[in-house]
Amino acid sequence: LVRKHLPDARLTYVAIAPNPKRWHFIDKTRAANRLIEGLIGQMDPQQNEFVEIEDDLLDAEGKLRPQLYLKDELHLNEAGYEVLTRAVRPHLK
C-alpha cells in the first residue's frame, strides 16, 4: 500500500529488537530478521533499508543490557530508546 500511494517513499525497516522477557526466542527473532533483511535486500536499495539494532542492545559478552528495559523486561526504557535513536537516526533524513 505504501508503494501504491507513495511510490517514491524511502522505507527504513528497524529489526525486531530482542528483550529479556523473550530471550528464549532469540534464535527465532534472529531468523526472522535475516529473512526480512533478505527480502529488503532484493528491493531497490535507494528506497528500502534494513537497520539491525541487536548489537546496540547487547553488552561486550553478547548479553542484553537489563538497564535498557522497563521492569516488564519487554519494552525499552528511556535509556533504551536513546540507544535505539542513536542506531536509527543515521538512516533517516
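Visitor: Is E52 buried, partly exposed or exposed?

Guide: E52 counts as partly exposed because its relative accessible area is 28%, where buried means under 20%, exposed over 50%, and partly exposed in between, with a 1.4 Å probe and protein chains only. This is a predicted model, in which local features need pLDDT of at least 70 and side-chain atom pairs count only at pLDDT 80 or more, while totals for chains, interfaces and linings use all residues. Residues are numbered from 1 along each chain as its sequence is written, and side-chain values use heavy atoms, with hydrogens and water left out.

Visitor: Which side chain does E52 meet in a salt bridge?

Guide: The side chain of E52 meets that of R34, at 2.6 Å from N to O, a salt bridge being a side-chain nitrogen of Lys or Arg within 4 Å of a carboxyl oxygen of Asp or Glu. The pair links distant parts of the chain, since E52 is in the loop between β2 and α3 (54-57) and R34 is in helix α2, 18 residues apart; helices (H or I, at least four residues) and strands (E, at least two) are DSSP runs, numbered from the N terminus. R34 is partly exposed because its relative accessible area is 39%.

Visitor: Which residues are linked in that network of salt bridges?

Guide: The network links R34, E37 and E52.

Visitor: And how many salt bridges does the structure hold?

Guide: The structure holds five. Another of them joins the side chains of E49 and R10, at 2.9 Å from N to O. That pair also links distant parts of the chain, with E49 in strand β2 (residues 48-51) and R10 in the loop between α1 and β1, 39 residues apart.

Visitor: Why do E49 and R10 fall in their accessibility classes?

Guide: E49 counts as buried because its relative accessibility is 17%, whereas R10, at 35%, counts as partly exposed.

Visitor: What about E61 and K63?

Guide: Their side chains meet in a salt bridge as well, at 3.8 Å from N to O. E61 counts as exposed because its relative accessibility is 64%, and K63, at 49%, counts as partly exposed.

Visitor: Changing topic, what is the order of the elements?

Guide: From the N terminus on, the elements run α-β-α-β-α-α, which gives four helices and two strands. The C-alpha atoms fill a box of roughly 40 × 25 × 25 Å along the principal axes, and buried residues make up 28% of the 93 residues in the chain.

Visitor: Last one: which residues make the nonpolar surface patch?

Guide: V2, L6 and L11 make that patch, which covers about 240 Å². Patches are made of residues with over 30% relative accessible area and no salt bridge, with like charges joined within 9 Å and nonpolar side chains (Val, Leu, Ile, Met, Phe, Trp, Tyr) within 5 Å, and accessible areas come from the Shrake-Rupley method with a 1.4 Å probe, where for residues only the protein chains shown count as cover. L6 sits in the loop between α1 (2-5) and β1 (11-14), and L6 counts as exposed because its relative accessibility is 52%.
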